[in-house]
Every structure is written in structure tokens, then in C-alpha cells.
Amino acid sequence: MRILDKRIRDSKEEDWDTFNCDPKMHLRMEVVDKLMRLRNIKNYTDLAGMVDLHRTQMVRVTRGYSLPSHTTMARLCVVLGCQPADLLYVDYNFRIDQKV
């Protein structure tokens, strides 16, 4: 196992540079919106209060500037009645030279 870990650790940097990509994880806001409607949650401020997240941090999450922490993601899943995989996706085509 250590040999594999070392190989992965050593190859990480050069592999991503070779592909000129840096995969980005995003929150599926269309799914969040749909689940909010199903649960009668009117807006993101109400959702932020339910998951104990500050309103400004919720804005950063909803606009894609940051991802929620593991704890916040778990709370979102409990409130929305879903699994983390329902809310997340990975953009494999994100290029290093692109800006968020």
C-alpha cells in the first residue's frame, strides 16, 4: 500500500499538468432548488438558517465560489432529504487557465 501511495503522490503533479486540467467539484444548484421547492423552503436565507450557515457563506456556495464543509454538506442532505452524490458533480473539462 505504501508503494502505491508514494507512486500516486509522486505522479499527481505531473499528471494534471500533462492533461492541462484541474477537475473542479460543483454543487448541483438545480437539484438544490428542486428539493427546496419540494420541502417548501422559500429561499437560500431560510436554507442557510436550517443548516446553521451564515447567509454570506450560503451566497458563496450557491454562486460556486466555494463548497460547503463536510458538516454543512451533511446538514444540507438531512434538511433536503438526499445524499451528497445527489448534490455534487465533478467538471473534468475544467482547464487550469480558466477562471471561476
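**Figure 1. Surroundings of L87 in the predicted model.** Once its neighbours within four places in sequence are left aside, L87 is in contact with H26, L27, R28, V31, V32, L35, M73, L76, C77, L80 and C82. The model shown here and in the other views is a predicted one. L87 also belongs to the largest nonpolar core, which counts 19 residues, and together with V32, L47 and L80 it touches the most other members of that core. At least two residues of this core come from each of α2, α3, α4 and α5, and the largest share, five residues, is supplied by α5.

**Figure 2. The chain as a whole, as a guide to the close-up views.** The chain holds six helices and two strands, and from the N terminus on its elements follow the order α-β-α-α-α-α-α-β. Of the 100 residues in the chain, 26% are buried. Among the contacts in the chain with a separation of 6 or more, 62% are made by residues 24 or more positions apart.

**Figure 3. Helix α5 and its buried face.** In helix α5, which spans residues 70-80, the buried residues are T72, M73, L76, C77, V79 and L80. Seen down the axis of α5, these buried residues fall within an arc of 165°, so they line one face of the helix. H70 and V78, by contrast, are exposed on the other side of α5. The partners against which the buried residues of α5 pack are β1, α2, α3 (44-50), α4, α6 (84-87) and β2 (88-91). The helix is followed by G81, a residue whose phi is positive, near 70°.

**Figure 4. Helix α2, with its buried and exposed sides.** The buried residues in α2 are M29, V32, L35 and M36. Around the axis they cover an arc of only 125°, which puts them on the same side of α2. On the other side of α2, the exposed residues are E30, K34, R37 and L38. The buried residues of α2 are covered by elements that include β1, α3, α4, α5 and α6. Just after α2 comes N40, which takes a positive phi of about 60°.

**Figure 5. L53 in the loop between α3 and α4.** L53 is found in the loop that lies between α3 and α4. With a relative accessible area of 19%, L53 is buried, because the cut-off for a buried residue is a value under 20%. Leaving aside its neighbours within four places in sequence, L53 is in contact with A48, M58 and T72, and T72 is itself one of the buried residues of α5. The view also takes in P68, which is 15 residues from L53 along the chain, and the C-alpha atoms of L53 and P68 are separated by 9.3 Å.

**Figure 6. The largest cavity and its lining.** The count of cavities of 30 Å³ or more comes to one, and about 40 Å³ of space lies in the largest cavity. The residues that line this cavity are L27, M29, V32, L47, M58, V61, T62 and L76. Two or more of these residues are given by each of α2 (29-38) and α4, and α4 gives the most, with three residues. By class, the lining of the largest cavity divides into seven nonpolar residues, one polar residue and no charged ones. M58 is one of the residues in contact with L53.

**Figure 7. The largest pocket and the elements around it.** The largest pocket has a volume of about 210 Å³. Its lining is made up of 14 residues, of which M25, H26, L27, G64 and Y65 lie nearest the centre of the pocket. Strand β1 (24-27) and helix α4 (55-62) each supply at least two residues of this lining, and β1 gives the most, with four residues. Sorted by class, the lining of the largest pocket has eight nonpolar, four polar and two charged residues. L27 also takes part in the lining of the largest cavity, and both H26 and L27 are among the residues in contact with L87.

Technical notes: Residues are numbered from 1 along each chain as its sequence is written. This is a predicted model: local features need pLDDT of at least 70, side-chain atom pairs count only at pLDDT 80 or more; totals for chains, interfaces and linings use all residues. Side-chain values use heavy atoms; hydrogens and water are left out. On a 1 Å grid over the protein atoms alone, a cavity is a set of points where a 1.4 Å probe fits but cannot get out, and a pocket is an open set with protein on both sides within 12 Å along at least five of seven lines; lining residues have an atom within 4 Å of a point. Grid points are joined across faces, edges and corners, and a volume is the space filled by probe spheres set on the points. Ala, Val, Leu, Ile, Met, Phe, Trp, Tyr, Cys and Pro count as nonpolar, Asp, Glu, Lys and Arg as charged, and the others, Gly among them, as polar. Buried means under 20% relative accessible area, exposed over 50%, partly exposed in between (1.4 Å probe, protein chains only). The arc is that of the directions from the helix axis to the C-beta atoms. Contact means heavy atoms within 4.5 Å. A nonpolar core is a set of buried Ala, Val, Leu, Ile, Met, Phe, Trp, Tyr and Cys residues joined through side-chain atoms within 4.5 Å.
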